[in-house]
Amino acid sequence: MSREQEEYDMEQEMEIEALEAILMDDIQKLSDSERDDLGLDDVGIATPCYRVKVEAVENAEANTFPPVLGLIFAHTEKYPDELPFLKLESMSSLTVSDLDKLLVLMKEKMEECLGMSMIYELCTEAKEWMQSKMGMDDVIEDEEEAKKRRQEEEDERRAKERAMGTPVTPETFAAWKVKFDKEMEETLGVKKDVNEHKLTGKQFFKSRDVAEVEVSS
């Protein structure tokens, strides 16, 4: 069952009140002449139209020109169960190409939010896109330089590991002992009893220096 028009009107009014409370001076109702320029009456939209100022950077420093978007919207009759009227304009540092890309993004977001109030979500999405655009303008590290840097870091890591050697633990010592006994058996032709000359704890720690050299080689 479709909702009564009164419910749509009430939800639209509540959204405007919430936006004005949050955005304050950044949301302005368009004049009749501005409405006429947009041709809203020609497309059957009789509701008020608003412009939201969306800044990529709030309180930007002097002599900097971060992107600023003018997001113009008007509620349609059965909004939010149908898409609102939307138009984008550059207030600072946005090209026609930027606006085209942003409009595609906004249309996708509107489809996702269909059925619920969405204007603030659109403003947030636009702001994040502009901030990302500013990041993409930074110097991009050359791929060859990045590859060279990663290789240098890997070489440095391996050099540190070689300098530190292999830590002597009961496990690594036991592995070295088995290898050592096997080599002795092959050299002397004598099989050693695994329990013969079993090291005491004190002897184990005394043998650490020798073991570390053998294991690291």
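**A chat about the chain**

Q: How much of the chain is buried?
A: Buried residues are 26% of the 217 in the chain; buried means under 20% relative accessible area, exposed over 50%, and partly exposed in between, with a 1.4 Å probe and protein chains only.

Q: What kind of model is this?
A: This is a predicted model, where local features need pLDDT of at least 70, side-chain atom pairs count only at pLDDT 80 or more, and totals for chains, interfaces and linings use all residues. Residues are numbered from 1 along each chain as its sequence is written, and side-chain values use heavy atoms, with hydrogens and water left out.

Q: How many helices and strands?
A: There are 8 helices and 4 strands, taken as DSSP runs (helices H or I, at least four residues; strands E, at least two) and numbered from the N terminus.

Q: Asp 98 next. Where is it?
A: Asp 98 sits in helix α3, residues 96–113.

Q: Why does Asp 98 count as buried?
A: Because its relative accessibility is 7%.

Q: What is Asp 98 in contact with?
A: Apart from neighbours within four places in sequence, Asp 98 is in contact with Ser 93, Trp 129 and Lys 133. Contact means heavy atoms within 4.5 Å.

Q: And Ser 132, buried or partly exposed?
A: Ser 132 is partly exposed, at 41% relative accessibility. Ser 132 belongs to helix α4, residues 119–136.

Q: How far is Ser 132 from Ala 56?
A: Their C-alpha atoms are separated by 9.2 Å, while the two residues are 76 residues apart along the chain.

Q: Last one: where is Glu 7?
A: Glu 7 is in helix α1, residues 5–23, and is partly exposed, with a relative accessible area of 42%.
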